[in-house]
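Trainee: I would like to learn how to read salt bridges and cavities in a model. Can we go through one case at a time?

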Amino acid sequence: MAIARETVLEIDLRALEHNYHYLRSKLKSETKFLAVVKAFAYGSDAEKIAQKMQGLGVDYFGVAYAKEGVALRNAGITKPILVLHPQPVNFDTLIERCLEPSIYSPNILKQFLNIAKKHNQKDYPIHLKFNTGLNRLGFWENDVDFIIAKLKESNAVKVASVFSHLAASEDLSEEEFTRKQINTFQKIVTEVDKKLGYSPFKHLLNTSGIINYAQGQYDMVRSGIGLYGYGNDTIIDSQLKPIATLKTIISQIHKIEPGESVGYNRAYSSTDYRTTATLPIGHADGIGRQYGNGKAYFLVHGKKAPIIGNVCMDMTMIDITGIDCKEGDEVLVFGPELSAHQFAGSANTISYELLTGISQRVRRELVD
Ligand SMILES: *Cc1c(COP(=O)(O)O)cnc(C)c1O
């Protein structure tokens with residue numbers, strides 16, 4: 001990998017391939033794989049990631065919103081794309097770009113059916129999303145009769161799959177709750193199959209589900225964070241490779257005397273002689289203020305350099321006292337040597353939030 005000369009997010013497609021093979025190794029050979037590439041593929045580069053995954057033979061892609069699916073189509077993605085949380089205002093676009101909606105409520109079903117009819121569709125693929133305990137999005141078990149009645153009114157749509165989402169697949173202290181979710185899902189899909197008269201494919205597991213609940217595998221799994229190198233578990237993390245490395249450089253070095261302060265609101269105040277480095281990365285790049293004032297550290301030539309004072313919009317100051325470095329040297333924010341999981345944890349958040357928050361201002365650089 002090249003030495004950074006500005007703030008850059010390196011995306012290692014070889015690590016992505018490794019993670020995909022690792023996750024696949026946990027699955028039966030016939031199980032389909034949906035790569036979740038929402039939110040710019042967890043802050044990396046959705047188009048490049050999807051192109052790579054399409055080349056690796058993934059079966060499906062998942063995005064949250066229509067616009068993300070359109071971007072994939074424009075980038076040459078021809079595999080089916082499941083839109084997890086579509087809004088009625090985009091239903092025409094979904095059909096025009098061959099994007100398959102998650103249908104999660106009676107209201108959404110009615111509205112999508114109308115649009116599918118308007119476009120003279122026959123058997124347009126839709127995916128029924130059931131709530132089994134996350135209580136976020138999805139039909140309830142007792143909506144099945146309404147759904148079936150509505151679907152039998154026309155042949156504009158056809159159910160491609162039935163799915164649900166686990167609330168705590170990474171948390172083994174919630175195993176009993178998760179088992180209940182799996183049982184509820186099993187009950188729902190049995191009823192749907194019987195009443196529908198055909199058998200759509202089923203899917204339930206996210207990354208941690210793949211790791212912890214083989215019995216919930218069904219016909220497909222949906223993985224996001226695992227592909228990007230994090231498994232919500234120390235042992236699994238040691239098997240995966242983070243694909244993203246965020247690097248920056250030292251813009252300027254200052255010598256601080258006792259009694260001087262650093263940064264806005266004078267949040268850091270020195271009691272002795274310190275050396276500080278100012279870096280071209282700030283909260284507008286996705287390193288939020290919650291990491292400031294000593295909560296998180298970066299690595300300068302492998303040595304810990306804590307953030308001092310408040311993180312600014314475009315800059316962050318770190319304490320490099322005693323570290324042999326100079327202006328222009330590279331600084332590591334997170335990556336394989338300092339995991340995003342650990343960095344995020346220093347401010348009580350999770351890798352998902354840190355990764356997806358790296359703003360579009362940061363240049364992405366692909367390594368393959
Ligand atoms: C985001 C999402 C996933 C991916 O979850 P990971 O924990 O990143 O593997 C799977 N399914 C649904 C419905 C999601 O919203």
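Trainee: Is Lys 202 buried or exposed?

Mentor: Keep in mind that this model is predicted. Buried means under 20% relative accessible area. Lys 202 has a relative accessible area of 6%, so this residue is buried.

Trainee: Which residue does the side chain of Lys 202 meet in a salt bridge?

Mentor: The general idea comes before the case. Side chains of opposite charge can pair when their charged atoms come close. Here the side chain of Lys 202 meets that of Asp 193, at 2.8 Å from N to O. Asp 193 is partly exposed, at 22% relative accessible area, whereas Lys 202 is buried.

Trainee: How far apart are the closest N and O atoms of Glu 6 and Arg 363?

Mentor: They are 2.7 Å apart, and the two residues form a salt bridge. Glu 6 sits in the segment before β1 (8–12), while Arg 363 belongs to strand β19 (residues 363–367), so the bridge ties together parts that are 357 residues apart in sequence. As for accessibility, Glu 6 is partly exposed at 39%, and Arg 363 is partly exposed at 37%.

Trainee: Which parts of the chain does the pair of Glu 141 and Lys 187 link?

Mentor: Start with the contact: Glu 141 and Lys 187 form a salt bridge whose closest N and O atoms are 2.9 Å apart. Glu 141 lies in the loop between β6 (124–129) and α7 (144–151), and Lys 187 in helix α8 (residues 175–196), so to read this pair is to read a link between distant parts of the chain, 46 residues apart. Glu 141 is partly exposed, with 27% relative accessible area, and Lys 187 is exposed, with 54%.

Trainee: How many salt bridges does the count come to?

Mentor: The count comes to 20 salt bridges.

Trainee: Turning to cavities, how many of 30 Å³ or more are there?

Mentor: There are 3 cavities of 30 Å³ or more. The largest cavity has a volume of about 40 Å³.

Trainee: Which residues line the largest cavity?

Mentor: The lining consists of Lys 129, Phe 130, Asn 131, Thr 132, Gly 133, Leu 134, Arg 136, Leu 137, Ser 164 and His 165. Sorted by class, this lining has 3 nonpolar, 5 polar and 2 charged residues.

Note on methods. Residues are numbered from 1 along each chain as its sequence is written. This is a predicted model: local features need pLDDT of at least 70, side-chain atom pairs count only at pLDDT 80 or more; totals for chains, interfaces and linings use all residues. Side-chain values use heavy atoms; hydrogens and water are left out. On a 1 Å grid over the protein atoms alone, a cavity is a set of points where a 1.4 Å probe fits but cannot get out, and a pocket is an open set with protein on both sides within 12 Å along at least five of seven lines; lining residues have an atom within 4 Å of a point. Grid points are joined across faces, edges and corners, and a volume is the space filled by probe spheres set on the points. Ala, Val, Leu, Ile, Met, Phe, Trp, Tyr, Cys and Pro count as nonpolar, Asp, Glu, Lys and Arg as charged, and the others, Gly among them, as polar. A salt bridge is a side-chain nitrogen of Lys or Arg within 4 Å of a carboxyl oxygen of Asp or Glu. Helices (H or I, at least four residues) and strands (E, at least two) are DSSP runs, numbered from the N terminus. Buried means under 20% relative accessible area, exposed over 50%, partly exposed in between (1.4 Å probe, protein chains only).
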